[in-house]
Amino acid sequence: ACYTLGMFKNMSLDQKRMLLILTLINLLNYLDRQVLFPLFGHIKAEFNLTDYHLGILATVFIVVHSLAVFPLGIMADRISRKTIIAIGVTFWSLASFASGLVTSFKALLGVRSLVGIGEASYAPAAVSMLTDNFPDETNSQVQGIFNIGMLIGGTVGAILGGVVAYYSDNWRLAFFIASIPGFFLAYFALT
């Protein structure tokens, strides 16, 4: 713990800011993935779905994300990583917001696929930025801090979806709330 605190003392203000912003985006990345699952009961009822449909809804994100991550990683090696991150965060935030506007299961399936494309842009660009901007001797610690966002975000997403759906009885609201921070973080990613 003391060594990690010493690491922060040796970071420049730009490095601290980069690590904070990228960690917050990672948190949002996983929050947005997990907010869906507590909403399944409401979505199932509204669109008269089966568990099979819900399984497809959960799977399509991962399949699309898996197919998109490699080409977007190549792009992150060719153009500005902060631009890739900002566009990706904006894209997935718009798609997440649109998840709350859909009127059919097929539309929700399509929009959640788009979330997978947006989120696929993030990890290759963010990890590369961190690796490029921090010394090798602290790289593992920096990656560890970055990945805390993933764990906290997933947990917060599941809680957010459940709490919003329970207290508002409106599953769409959870997507609206989950998407809003992305627009601010996309701006900060550019700076």
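Q: Which side chain is joined to that of Arg 33 by a polar contact of 3.2 Å, other than Asn 29?
A: That side chain is His 65, joined to Arg 33 by a polar contact of 3.2 Å. Please note that the model is a predicted one. The side chain of Asn 29 also makes a polar contact of 3.2 Å with that of Arg 33.

Q: Where does Arg 33 lie?
A: Arg 33 is part of helix 2, which covers residues 13–34.

Q: Is Arg 33 buried or exposed?
A: Arg 33 counts as buried because its relative accessibility is 14%, and the cut-off for buried is under 20%.

Q: What does Arg 33 touch, leaving out residues up to four places away in sequence?
A: With those set aside, Arg 33 touches Phe 61, His 65, Arg 112 and Glu 119.

Q: Which ring does the charged end of Arg 33 sit over?
A: The charged end of Arg 33 sits over the ring of Tyr 30, at 4.2 Å from the ring centre.

Q: On to aromatic pairs, then: how many are there?
A: The count comes to eight aromatic pairs. One of them is formed by Phe 37 and Phe 40, with 5.4 Å from centre to centre and 75° between the planes. This pair is edge-to-face, because planes over 60 degrees apart are classed that way.

Q: How does accessibility compare for those two, buried or partly exposed?
A: Phe 37 is partly exposed, with a relative accessible area of 35%. Phe 40 is buried, at 17%.

Q: Which residues do ring pairs link into a cluster?
A: The cluster consists of Phe 47, Trp 171 and Phe 175, linked by ring pairs.

Q: Now Lys 44: where is its place?
A: Lys 44 is found in helix 3, residues 40–47. Its relative accessible area is 29%, so Lys 44 is partly exposed.

Q: What is Lys 44 in contact with, beyond neighbours within four places in sequence?
A: Lys 44 is in contact with Leu 49, Thr 50, Asp 51 and Leu 54. With Asp 51 there is also a polar contact between the side chains, at 2.6 Å.

Q: How far apart are Lys 44 and Ile 145 in space?
A: They are 36 Å apart, C-alpha to C-alpha, and 101 residues apart in sequence.

Q: What about Arg 81, which helix is that in?
A: Arg 81 lies in helix 5, residues 81–99. Its side chain has a polar contact of 3.1 Å with the side chain of Asp 77. Not counting residues up to four places away in sequence, Arg 81 touches Ala 76, Ala 125, Ser 128, Met 129 and Asp 132.

Q: Stepping back, how many helices and strands are there in the protein?
A: The protein has nine helices and zero strands.

Q: Why does the radius of gyration agree with a compact globule?
A: For 191 residues a compact globule would have a radius of gyration near 16 Å, and the protein has 17 Å, which agrees. The C-alpha trace spans about 55 × 35 × 25 Å along its principal axes.

Q: And what share of the residues is buried?
A: Buried residues account for 48% of the 191 residues. The accessible surface is about 9,600 Å², and 69% of that surface belongs to carbon and sulfur atoms.

Q: Lastly, what share of the contacts between residues at least 6 apart in sequence joins residues at least 24 apart?
A: That share is 80%.

Notes: Residues are numbered from 1 along each chain as its sequence is written. This is a predicted model: local features need pLDDT of at least 70, side-chain atom pairs count only at pLDDT 80 or more; totals for chains, interfaces and linings use all residues. Side-chain values use heavy atoms; hydrogens and water are left out. Rings of Phe, Tyr and Trp (its six-membered ring) pair if their centres lie within 6.5 Å; planes under 30 degrees apart count as stacked, over 60 as edge-to-face and the rest as tilted. Buried means under 20% relative accessible area, exposed over 50%, partly exposed in between (1.4 Å probe, protein chains only). A charge sits over a ring if NZ of Lys or CZ of Arg is within 6 Å of the ring centre and within 35 degrees of the ring normal. Helices (H or I, at least four residues) and strands (E, at least two) are DSSP runs, numbered from the N terminus. The radius of gyration is taken over C-alpha atoms; the globule rule is 2.2 Å times the number of residues to the power 0.38. Contact means heavy atoms within 4.5 Å. Accessible areas come from the Shrake-Rupley method with a 1.4 Å probe; for residues, only the protein chains shown count as cover. A polar contact is a pair of N or O atoms within 3.5 Å; within protein, one must be able to donate a hydrogen and the other to accept it, and residues adjacent in sequence count only if both atoms are side-chain atoms.
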